[in-house]
Amino acid sequence: MAVEARVEGDTLVLVVRDHGEGIRRSIPERADALHLGLRIIEELADSTSVISRPGRGTRVSMRFALTPAAA
């Protein structure tokens, strides 16, 4: 697993990658947890991208708008 974080202008970009089996939506006992995790990411992030290839891993990219800290 690899995690990358960077700031692009006023946006935080997080990318999580693995080289596992990929997202297989056909596994019923894992489907609820998988869908919950992706739903949480989609709720919290301003935008998301998920690329998964069976046997080749998954890449989840998340973008978050940065706001100035309160003084």
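**Salt bridges and a buried threonine**

The structure holds four salt bridges. This is a predicted model: local features need pLDDT of at least 70, side-chain atom pairs count only at pLDDT 80 or more, and totals for chains, interfaces and linings use all residues. Residues are numbered from 1 along each chain as its sequence is written, and side-chain values use heavy atoms, leaving out hydrogens and water.

Biologist: Why is the pair of glutamate 4 and arginine 17 called a salt bridge?

Modeller: The term needs a side-chain nitrogen of Lys or Arg within 4 Å of a carboxyl oxygen of Asp or Glu. Here N to O is 3.1 Å. So the pair qualifies.

Biologist: What makes glutamate 8 and arginine 63 a salt bridge?

Modeller: Their side chains meet at 3.0 Å, N to O. Glutamate 8 lies in strand 1 and arginine 63 in strand 4, so the pair ties together parts 55 residues apart in sequence. Salt bridges that share partners join Glu4, Arg6, Glu8, Arg17 and Arg63 into one network.

Biologist: Why is threonine 58 called buried?

Modeller: Buried means under 20% relative accessible area, exposed over 50%, partly exposed in between (1.4 Å probe, protein chains only). Threonine 58 has 11%, so the residue counts as buried.

Biologist: Why is arginine 63 called partly exposed?

Modeller: Its relative accessible area is 30%.

Biologist: Which residues does threonine 58 touch?

Modeller: Contact means heavy atoms within 4.5 Å. Leaving aside residues up to four places away in sequence, the list includes Val16, Ile23 and Ser52.

Technical notes: Helix = DSSP H or I, 4+ residues; strand = E, 2+ residues; numbered from the N terminus.
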